[in-house]
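This report goes through selected features of one protein chain.

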Amino acid sequence: MALGGVLCMQFYQKGVDTLILGTIIVSLSVWFWWRDVIRESTYEGHHTKIVQKGLKIGMVLFIVTEVMFFFSFFWAYFHSSLAPSIEIGCVWPPRGIDTFDPWLIPLLNTAVLVLSGFTITWSHISILFNNYDQTNISLILTIILAIYFTILQLCEYIEANFDISDGIYGSVFFMSTGFHGFHVIIGTIFIIVCFFRHIFYHFTKNHHLGFECAAWYWHFVDVVWLFLFITIYWWGNSFKFNIPYFLDIFYLLNIFLENISIFFKNSNYL
């Protein structure tokens, strides 16, 4: 699949065919592997406490490698932005790059992802309290928010007046946000699988490791986006600041916190 991607980007013959073939092979491998994991854990009872501990350690190490992966993009961004070279005019953003207003679509994307972090936490709490209906509702909301984020990101890419070949800014912007979007899609699929597993009663309050891994992964995606928003969209745009949008944020946050407080006061959790 990686070879096919490289061949496609270099416009080689059979590049698309190689990419499609690689994608099919990887997808089938993932499908049968996870199918066997679900069988071993849910139906055969092979996932003992020791096995679960090993799986948790493996997931944590996987997330650590992902942190290092995105750290390289932030390193490249700060290396180029803190000391802009003469080739890009000694300024950041480089001349000719019309950056996005961070208080429009990027801010909305941030609110969507942060809200999805709350909804997936709501799902986790509902599973711990054996609340089947609220788990369904919260998982559906999380999936909707995740898909909405992906659509907004796609719209942003379509409206961009620069691309990945426009110097260091375009390269770092599309590589970092693009790979984050790819991780969002993976996380969305992860949550959708958990949703169907929940429908078939695979999760209990004492055994829901698959969901926990999905939640960890989703929170990681949330945190990465917060860093992307702060560094690339906000700080990278020379602190473009809009007072009305800033006040709207506090107003909406206040309403949200009030509703959360009312919800927990009227719920059976406390």
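## Contacts of Y169

In this predicted model, Y169 is in contact with Y77, W92, P93, P94, I97, T99, F162, I232 and N237, leaving aside its neighbours within four places in sequence. Two of these partners, W92 and P93, are joined to each other by a cis peptide bond, with omega at about 0°. P93 lies in the loop between α3 and α4.

## Nonpolar core

Y169 is also among the residues that touch the most other members of the largest nonpolar core; the others are F162, F173, F211, W218 and W225. This core has 48 residues. At least two residues of the core come from each of α3, α4 (105-128), α5 (132-159), α6 (167-199) and α7 (209-234). Helix α7 supplies the largest share, 15 residues.

In soluble globular proteins, nonpolar side chains tend to be buried together.

## Backbone in the loops

Most residues other than glycine have a negative phi, and most peptide bonds are trans. Besides the cis bond between W92 and P93, two residues other than glycine with a positive phi are described here: C90 has phi near 60°, and Y201 likewise has phi near 60°.

C90 is placed in the loop between α3 and α4. Its relative accessible area is 46%, so C90 is partly exposed. Y201 is found in the loop between α6 and α7. With a relative accessible area of 61%, Y201 is exposed.

## Cysteines

There are zero disulfides in the structure. C194 is in no disulfide: the nearest cysteine sulfur, that of C213, is 8.6 Å away, whereas a disulfide needs the two sulfur atoms within 2.5 Å.

C194 is buried, because its relative accessible area is 2%. C155, in contrast, is partly exposed, at 32%.

Conventions. Residues are numbered from 1 along each chain as its sequence is written. This is a predicted model: local features need pLDDT of at least 70, side-chain atom pairs count only at pLDDT 80 or more; totals for chains, interfaces and linings use all residues. Side-chain values use heavy atoms; hydrogens and water are left out. Buried means under 20% relative accessible area, exposed over 50%, partly exposed in between (1.4 Å probe, protein chains only). A nonpolar core is a set of buried Ala, Val, Leu, Ile, Met, Phe, Trp, Tyr and Cys residues joined through side-chain atoms within 4.5 Å. Helices (H or I, at least four residues) and strands (E, at least two) are DSSP runs, numbered from the N terminus. Contact means heavy atoms within 4.5 Å.
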